[in-house]
Amino acid sequence: MTEKQGSLDLTKRDTEAVDADPRSAVGAVSEPEVTEAAESGVSEASVPGTDLAPEPAVASEPEPAVAVAVEAEPEPVPAVRPVPAVEPEPSGVAGSGEGDGGAETVGDRPKGRRTVLRAVLRWTAAVAVFAAVGASTAYGITRMERTDVPGLRTESDGRWAYPTLTKPPLPSGSPAPFARANDGNAHHADLRALLLPAPEGATADKALSGSDGWLATKDFLKEFEETSREQIQEKLVDAGLRHIAARGWTTQDGATTRIYLLRFGTAVVTEGVFSEDFTAYGSPLYPARGADVYERDEDFPVVPQSDDIDLAPYVESEPYGGEQVRLAYLSAGDVMAVIVQSRKGTMPAIPFQQTVVLQSQLLG
């Protein structure tokens, strides 16, 4: 047998062996590969007969690797899927059936925002309603009197309801009575405008209106006992009395009030008339009619008084007659004020103190 024939027999035997063993055919190289090798010009002698048997094993190794690679492809999928799971909104749209694909994801966000917007609008409207109700309630309470508010109602202390006080305007270039530029402490405002107005509900005493708002001296002297009127008039003339403004009223409780403002030339003259001609510490030098004996009103508060105004308050001593009289003198710059209050039974202290303090504020 020649060498060529030996190689051909070897090829034939190998082929028969492959055909006889089906298990080796699964992992062996396919016939086209063997044919290709034979046709490529490679001699059978260059391929040892013993190398053909392990060759199928080499060819079988890649196939399980490929199979593993194919089977391993689903494993990365769970790692990728949790990423979109972070956004729950697209899943909600998919379940609602309102769209598909990217349209569901994009369309879901405006819907969520509309829901939040509606909630915000509802809360905003609720807050606005509560704010309006609260503001209305607060406004209503502020417009109520203290005695009308439940829980704040207190018994009245007897004060009178005076209107808001406003000082009259000064002439152009004129200083206030107690300004540094006003050496004589003169009141340049209209004296009639410096009178305290009557409280609410009071009845005006027209007898004190005088002529054009100025009261005659003889009408002022009627406030004192008849035996002392002539002497008082002489002192007023000597002091250079310029004019008198007066106002009076009667309140619903029957109390009568009379206020007189007497203007003199200077503050020094006024202070002399006040301290030397009309007042003393224990009692007034000239008692006002209706009471015989007075005493100093020690209960009169000192705090509201101004350093620029001197005050001498008096009250009728017990036992008094059918009515009680309270009397006060004020010295404020070039003006002296005389305030007289009386009422049947007793004259309360609160409205008297209130009247005196308010009048002093107008003169200050």
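A salt bridge is a side-chain nitrogen of Lys or Arg within 4 Å of a carboxyl oxygen of Asp or Glu. This tour visits such pairs in a predicted model, which holds eight salt bridges.

**First stop: D277 and K235.** Please select D277 and K235, which form a salt bridge whose closest N and O atoms are 3.8 Å apart. D277 belongs to helix α12 (residues 267-278) and K235 to helix α11 (residues 229-238), so this pair ties together parts that are 42 residues apart in sequence. K235, with 24% relative accessibility, counts as partly exposed.

**Second stop: K222 and D219.** Next, select K222 together with D219; the closest N and O atoms of this salt bridge are 3.5 Å apart. K222 is partly exposed at 46% relative accessibility, and D219 is also partly exposed, with a relative accessible area of 23%.

Now turn to R326, which forms a salt bridge with D297, with 3.3 Å between the closest N and O atoms. Where do the two residues lie? R326 is in strand β7 (residues 323-332), whereas D297 is in the loop between β5 (294-296) and β6 (309-316), so the pair ties together parts that are 29 residues apart in sequence. Both R326 and D297 are buried.

Definitions and conventions: Residues are numbered from 1 along each chain as its sequence is written. This is a predicted model: local features need pLDDT of at least 70, side-chain atom pairs count only at pLDDT 80 or more; totals for chains, interfaces and linings use all residues. Side-chain values use heavy atoms; hydrogens and water are left out. Buried means under 20% relative accessible area, exposed over 50%, partly exposed in between (1.4 Å probe, protein chains only). Helices (H or I, at least four residues) and strands (E, at least two) are DSSP runs, numbered from the N terminus.
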